[in-house]
Amino acid sequence: GGGGGRKGRRECGRGALGDRSILAGPRREEAKDEVNRRVKFREAFRPFAPSVTLEDAADWFEDARPSPYMLLAFTVRPEKRDRIPAVTHVDGTARPQVVRREDNPGYHDLIVEYAKLTGAPILVNTSFNMHEEPIVDDPDVAIRSFLRGGLDALAALPDGGVGEADDDGEGLGAGPAPDLDLDEQPLDPPQGRAGDVRNHCDVT
């Protein structure tokens with residue numbers, strides 16, 4: 001399944017970097033198909049990018065180096081490919097966002113907490129928008145896209161980090177945390193489309 005997150009200032013650029021993202025667990029190959037079929041409606045051959053912490057990148061990708069904007073493709077280490085099939089392309093590569101804590105503490109901490117639960121310091125990361133719509137901007141648009149887009153959860157992450165895992169180790173949260181299992185929960189069918197919205201970037 002997948003969840004949407006909105007936090008902080010607007011993002012500018014070619015991809016979402018954790019503050020306007022749909023996130024999912026990478027351990028099931030079906031995860032990318034569910035996000036594609038229920039939310040993004042993209043061609044099946046188009047891979048989703050992973051987010052990985054800087055300190056763990058070299059353990060999962062060959063020749064890994066800082067790449068904060070999903071611009072470089074790295075080879076997924078062969079022994080790791082079956083552990084993150086949702087973000088491994090058919091040629092064995094992935095185009096990760098390498099996340100430094102100093103750049104985005106809350107998102108970095110979320111990945112760290114997910115790794116504690118699953119052993120994989122990686123999340124599927126795609127922009128938080130429905131098909132042919134701009135990336136969500138204000139909270140109202142985020143809520144509307146969540147309700148109409150077939151996502152499992154919506155989180156507004158604080159800048160300071162993430163909350164405690166649930167007692168059973170299956171949930172991640174931010175502040176008052178909803179149950180969120182990024183690998184196991186199925187996506188519900190979309191209930192329509194969010195209305196036409198305009199997006200803009202504040203780079204000041």
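1. Overall fold. The protein chain has four helices and nine strands, taken as DSSP runs numbered from the N terminus (H or I with at least four residues for helices, E with at least two for strands). Along the sequence, the pattern reads β-β-α-β-α-β-β-β-β-α-β-α-β.

2. How to read it. This is a predicted model, in which local features need pLDDT of at least 70 and side-chain atom pairs count only at pLDDT 80 or more, while totals for chains, interfaces and linings use all residues. Residues are numbered from 1 along each chain as its sequence is written, and side-chain values use heavy atoms, leaving out hydrogens and water.

3. Of the 204 residues in the protein chain, 49% are buried (under 20% relative accessible area with a 1.4 Å probe, protein chains only; exposed is over 50%, partly exposed in between). Among contacts (heavy atoms within 4.5 Å) with a separation of 6 or more, 66% link residues 24 or more positions apart.

4. A nonpolar core here is a set of buried Ala, Val, Leu, Ile, Met, Phe, Trp, Tyr and Cys residues joined through side-chain atoms within 4.5 Å. The largest has 26 residues, and Phe-61, Ile-122 and Phe-128 have the most contacts inside it. Two or more residues each come from E2, H1, helix H2 (54-60), E5, E8 and helix H4 (139-148). H1 gives the most, with three residues.

5. Helix H1. Do look at residues 30-40, where the buried residues include Ala-31, Val-35 and Val-39. The buried residues of H1 pack against strand E2 (20-24) and strand E8 (122-127). Just after H1, Phe-41 has a positive phi of about 55 degrees.

6. Phe-61 and its sheet. Strands form an open antiparallel sheet in the order E4-E5-E6, where pairing requires at least two DSSP bridges between two strands. Its edge strands are E4 (61-62) and E6 (93-94), each pairing on one side only. Phe-61 has Val-76 in E5 as its bridge partner. Leaving aside residues up to four places away in sequence, Phe-61 touches several others, among them Pro-50, Phe-74, Ala-94 and Ile-122.

7. An outward-facing residue. Is Tyr-69 buried or exposed? Tyr-69 is found in the loop between E4 and E5, and it counts as exposed because its relative accessible area is 52%.
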